[in-house]
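My notes follow in the order I looked things up.

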Amino acid sequence: MNLDFAQLVPSIPYILYGIWVTLQFVAVSLVLGFLWGTVLSLFKIGKITVLRWFADAYTSVFRGTPLILQMLLIYYAVPQLTGIDIGAFSAGVLTFALNSAAYISEIIRAGINAVDKGQKEAAMALGVPYRTMMLKIILPQAFKNILPALMNEFITLTKESAIVSVIGALDIMRRAQIVGASNYRFFEPLLLAGLVYYLLVMMLTLAGRVMERRLAKSD
């Protein structure tokens with residue numbers, strides 16, 4: 001099969017440094033996506049028709065178009081229209097955050113709807129303001145219900161972050177491609193990249209299970 005992993009050894013630190021880049025993309029995107037997704041979910045369950053329509057249309061567009069198309073539009077088309085250059089990191093984070101928010105908003109909406117209606121009725125009967133009720137009563141309970149789905153979105157985002165390589169971001173995948181092109185041997189570095197992604201996913205999966213067990217004990 002003409003495999004020679006010995007030639008890959010000097011390039012391993014270079015590829016592994018891409019883990020830091022990938023985690024930066026994922027962490028920032030997840031935080032922004034969660035915040036924006038929470039706002040969208042509140043729009044969807046709110047009584048303001050215009051905001052509800054906007055949130056539904058937003059979710060439909062971002063869930064109905066390819067992620068890579070959204071990234072290319074932000075990285076190439078937005079500068080063409082505005083004259084403002086967007087770096088690879090900013091374009092990647094913005095794309096992942098906007099896309100992830102569409103999915104997270106549906107997860108949070110479902111979690112909120114799963115909370116017993118008696119909780120909301122009791123809070124309203126006690127005169128608790130809507131904002132306080134959502135932040136202190138409804139959302140904390142909904143979070144327990146949606147934690148597995150949120151972790152699944154986190155894992156999906158980690159894997160999908162590999163597409164930032166198409167706009168030149170030096171993540172794990174891009175570095176593996178560079179090493180392969182320099183040595184004319186792609187199987188070994190791409191196999192290493194796949195192993196790194198797999199280990200990242202496994203660690204996130206274990207972390208999610210630990211969080212679930214701790215939340216279950218608090219019940």
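In what order do the elements of the protein run from the N terminus on? I read off α-α-α-α-α-α-α-α-α. I counted nine helices and zero strands. Helices (H or I, at least four residues) and strands (E, at least two) are DSSP runs, numbered from the N terminus.

I noted the ground rules next. This is a predicted model, where local features need pLDDT of at least 70, side-chain atom pairs count only at pLDDT 80 or more, and totals for chains, interfaces and linings use all residues. Residues are numbered from 1 along each chain as its sequence is written, and side-chain values use heavy atoms, with hydrogens and water left out.

**Overall**

I looked up the extent. The C-alpha atoms fill a box of roughly 70 × 50 × 25 Å, taken along the principal axes. Of the 219 residues, 37% count as buried. Buried means under 20% relative accessible area, exposed over 50%, partly exposed in between (1.4 Å probe, protein chains only). I then checked contacts, meaning heavy atoms within 4.5 Å. Among those between residues at least 6 apart in sequence, 76% join residues at least 24 apart.

**Cores**

Which residues touch the most other members of the largest nonpolar core? I found F25, F96 and V164, out of 21 residues. Such a core is a set of buried Ala, Val, Leu, Ile, Met, Phe, Trp, Tyr and Cys residues joined through side-chain atoms within 4.5 Å. α2 (18-45), α4 (67-82), α5, α7 (130-160) and α9 (187-218) each supply at least two residues of this core. The largest share, five residues, comes from α7. A second, separate core has 13 residues, including I108, I112, L139 and I146.

Not counting residues up to four places away in sequence, F25 touches A88, F89, G92, V93, F96, V164 and A169.

**Helix pairs**

Axes are lines fitted to C-alpha atoms, for helices over the stretch in contact, and angles run from 0 to 180 degrees between N-to-C directions. Angles under 35 degrees count as roughly parallel, over 145 as roughly antiparallel, 65 to 115 as roughly perpendicular and the rest as oblique. On the α3 side, the contact is made by Y58, T59, F62 and R63. On the α5 side I listed L98, N99, A101, A102, Y103, S105 and E106.

I then looked at α6 (residues 117-125) and α7. Their axes come within 11 Å and cross at roughly 165 degrees. That makes α6 roughly antiparallel to α7. Q119, K120, A123 and M124 of α6 meet M133, I137, I138 and Q141 of α7.

**Two single residues**

Is R185 buried or exposed? R185 counts as buried, at 17% relative accessibility. I found R185 in the loop between α8 (172-183) and α9. R185 touches N2, L3, D4, Q7 and G180, leaving out residues up to four places away in sequence.

P79 sits in helix α4. At 14% relative accessibility, P79 also counts as buried. Leaving aside neighbours within four places in sequence, P79 is in contact with I74, I84, D85 and I86. I also checked P79 against Y198: they are 119 residues apart in sequence and 35 Å apart in space, C-alpha to C-alpha.
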